[in-house]
Amino acid sequence: MSSQLISAGLAVAGPILLSSFVGAVSGLWVFRQQNKERLCAAVTWEWRQGYNGEMDEEPYLAIQNTSSMPSYLVGARIMKGYLWRSQVAKYAFDYPEVTDGNFPLQLKPASVTSFPLAKYRFDNEAAKASRWTQLLGRLGRNYFWIEVRTLAGRKLTVGANDATSFQKRPKWLGKG
């Protein structure tokens, strides 16, 4: 009789406990997703006034923050390589004023923020590329990368072959 009582109790309490557990886990997952940094990035080209006073088209790193909380960049470096990436420069940006690009840089919630890239660094590294690098580049994989780190510890890596000068971009980097 006691075994029948235990099995009847489990038949009633089992679904209650299971549904409570599933509800708690899914609620925690939804809460965690809402507080997570949701960032997307790409290399774009925008017009800006150059040093000589004329309008020039320059590469920018555009980062979209789709979360409801601000994020802060604490690092942005240029990397190169197909399989193993090595650092080219610790600072990927190119601001006219020295104090403009100091970290941390804010990414406002639900907006897109653009940061000017140091095109000359990409061009210098592309000019130094070996024949083997150029041969692998014709396969279509990115050689240049920008690695961005946030204050919360998130790393975002973006292919950056488009950050080289489009007027004199080598074919192995994907000139169209």
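Guide: Before we start, a residue counts as buried when its relative accessible area is under 20%, as exposed when over 50%, and as partly exposed in between. Keep in mind too that this is a predicted model.

Visitor: Got it. F122 and F144 form an aromatic pair, so are they buried or exposed?

Guide: Let's look at the pair first. The rings of F122 and F144 sit edge-to-face, 5.5 Å centre to centre with 85° between the planes. F122 belongs to helix α2 and F144 to strand β7, 22 residues apart. As for accessibility, both F122 and F144 are buried.

Visitor: Which residues do ring pairs link into a cluster with F122 and F144?

Guide: The model has 10 aromatic pairs by the rule used here. Some of them share rings, and the cluster that holds F122 and F144 also takes in Y82, Y143 and W172.

Visitor: Moving on to charges, which residue forms a salt bridge with E147?

Guide: There are five salt bridges in the structure. E147 sits in strand β7 and its partner in strand β3, 70 residues apart. E147 is buried because its relative accessible area of 11% is under 20%. The N to O distance in this salt bridge is 2.8 Å, and the partner of E147 is R77.

Visitor: How far is the charged end of R85 from the centre of the ring of W145?

Guide: Here a charge meets an aromatic ring. The charged end of R85 sits over the ring of W145, and its distance from the ring centre is 3.8 Å.

Visitor: Last one: how many residues lining the largest pocket are nonpolar?

Guide: This pocket has a volume of about 160 Å³. Its lining includes W84, W132 and L136, with R141 also among the lining residues. Two lining residues are polar and one is charged, while the number of nonpolar ones is seven.

Methods. Residues are numbered from 1 along each chain as its sequence is written. This is a predicted model: local features need pLDDT of at least 70, side-chain atom pairs count only at pLDDT 80 or more; totals for chains, interfaces and linings use all residues. Side-chain values use heavy atoms; hydrogens and water are left out. On a 1 Å grid over the protein atoms alone, a cavity is a set of points where a 1.4 Å probe fits but cannot get out, and a pocket is an open set with protein on both sides within 12 Å along at least five of seven lines; lining residues have an atom within 4 Å of a point. Grid points are joined across faces, edges and corners, and a volume is the space filled by probe spheres set on the points. Ala, Val, Leu, Ile, Met, Phe, Trp, Tyr, Cys and Pro count as nonpolar, Asp, Glu, Lys and Arg as charged, and the others, Gly among them, as polar. Rings of Phe, Tyr and Trp (its six-membered ring) pair if their centres lie within 6.5 Å; planes under 30 degrees apart count as stacked, over 60 as edge-to-face and the rest as tilted. Helices (H or I, at least four residues) and strands (E, at least two) are DSSP runs, numbered from the N terminus. Buried means under 20% relative accessible area, exposed over 50%, partly exposed in between (1.4 Å probe, protein chains only). A charge sits over a ring if NZ of Lys or CZ of Arg is within 6 Å of the ring centre and within 35 degrees of the ring normal. A salt bridge is a side-chain nitrogen of Lys or Arg within 4 Å of a carboxyl oxygen of Asp or Glu.
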